[in-house]
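Trainee: Can you walk me through this one? I'd like to start with the overall picture and then look at single residues.

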Amino acid sequence: MSRLAAISASVAVVALIGVTAYVTLGSGSDDPYAQCRASNVAGGAAAIGGPFTLVNSKGDTVTDKDVFTEPSIVYFGYTFCPDVCPLDSARNSEAVDLLAEKGISTTPVFISIDPNRDTPEVVGDFAFNNHEKMIGLTGSQEQVKAASKAYRTYYKAQPADDEYYLVDHSTFSYLVFPEAGFVEFFRRETTAEQMAERVSCFVDAGAK
């Protein structure tokens, strides 16, 4: 097995573990978004997400309130990622464009889980090269860990003798609304078209 294939396989295993941990119980009949959900979250949607403090591409400290000003698609990854993160980020960006065609404005957000290498400038360049609206965020080890814990993501840097180490991480994307907070997550196999359709459903349901 090639090194690249091994990396992808390890990430897939992590994602499978994450799915097993997340998807177990329904969130109740009073859920206004019930008709839009493809899966349910253990403990309900309130079990995922929450306040965070991170650093944007300009080096400014921002909170979740500053970042989530409209429906947002959030991804935790790192800019040195050889395959998974670029593909997932491109998919999320495509979904944002498809939603724009429907008249729905959304923001893609990329949160680094590798702050040692992902400086504000680095994560900012990565975000902008993916989509002009994408917000790139990094921070201290403590800030990143707290944000990751809030969204129940997994990441672990592999041992390395140089700066070219890899980071195992979960690969979900999260739909977050300014007022409601986290409402849904998307697996890697979700296409941009499927994501756009489901986000549209959530936006319509939230407007009722």
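Trainee: What kind of model is it, and how are residues numbered?

Mentor: It is a predicted model, where local features need pLDDT of at least 70, side-chain atom pairs count only at pLDDT 80 or more, and totals for chains, interfaces and linings use all residues. Residues are numbered from 1 along each chain as its sequence is written, and side-chain values use heavy atoms, with hydrogens and water left out.

Trainee: How many helices and strands are there in the protein?

Mentor: The protein has six helices and nine strands. Both are DSSP runs, numbered from the N terminus: helices are H or I with at least four residues, strands are E with at least two.

Trainee: How much of the protein is buried?

Mentor: Of the 208 residues, 50% are buried. Buried means under 20% relative accessible area, exposed means over 50%, and partly exposed is in between (1.4 Å probe, protein chains only).

Trainee: And what about contacts along the chain?

Mentor: Take contacts between residues at least 6 apart in sequence: 68% of them join residues at least 24 apart. Contact means heavy atoms within 4.5 Å.

Trainee: OK, cores. Which residues have the most contacts inside the largest nonpolar core?

Mentor: They are Phe52, Phe68, Val74, Phe76, Leu137, Tyr151 and Tyr174, in a core of 34 residues. The elements giving two or more residues to this core include strand 3 (72-77), helix 5 (141-150) and strand 9 (181-186). Another core, of 17 residues, lies apart from it, with Ile73, Ala95, Phe177 and Val183 among its members. A nonpolar core is a set of buried Ala, Val, Leu, Ile, Met, Phe, Trp, Tyr and Cys residues joined through side-chain atoms within 4.5 Å.

Trainee: Why do such side chains gather?

Mentor: In soluble globular proteins, nonpolar side chains tend to be buried together.

Trainee: Now the rings. How many aromatic pairs are there?

Mentor: The count is ten aromatic pairs. Rings of Phe, Tyr and Trp (its six-membered ring) pair if their centres lie within 6.5 Å; planes under 30 degrees apart are stacked, over 60 edge-to-face, and the rest tilted. One of the pairs is Tyr33 with Phe177, at 5.9 Å centre to centre and 75° between the planes, so edge-to-face. Tyr33 is in the loop between helix 1 (3-22) and strand 1 (53-56), while Phe177 is in strand 8 (residues 173-177), 144 residues apart.

Trainee: Are those two buried or exposed?

Mentor: Tyr33 is buried, at 10% relative accessibility. Phe177 is buried too, at 9%.

Trainee: Which residues form the aromatic cluster?

Mentor: Phe76, Tyr151, Tyr174 and Phe182 form one cluster. Within it, Tyr151 sits in the loop between helix 5 and strand 6. Tyr151 is buried, at 2% relative accessibility. Tyr174 and Phe182 are both buried.

Trainee: Which rings does Arg117 lie over?

Mentor: Arg117 lies over the face of Phe80, at 4.3 Å from the ring centre. Its charged end also sits over the ring of Tyr165, 3.6 Å from the centre. The rule is NZ of Lys or CZ of Arg within 6 Å of the ring centre and within 35 degrees of the ring normal.

Trainee: Back to helix 5. What does Ala147 touch there?

Mentor: Ala147 lies in helix 5 and is buried, at 0% relative accessibility. Leaving out residues up to four places away in sequence, Ala147 touches Phe52, Leu54 and Phe76. The C-alpha atoms of Ala147 and Gly50 are 8.0 Å apart, though the two are 97 residues apart along the chain.

Trainee: And Thr61, buried or exposed?

Mentor: Thr61 is exposed, with a relative accessible area of 56%. Thr61 lies in strand 2 (residues 61-63). Beyond its neighbours within four places in sequence, Thr61 is in contact with Thr53, Leu54 and Val55.

Trainee: Last one. What is phi of Arg152?

Mentor: Phi of Arg152 is near 55°, a positive value in a residue other than glycine. Most residues other than glycine have a negative phi. Arg152 is in the loop between helix 5 and strand 6 (155-157), and is partly exposed at 34% relative accessibility.
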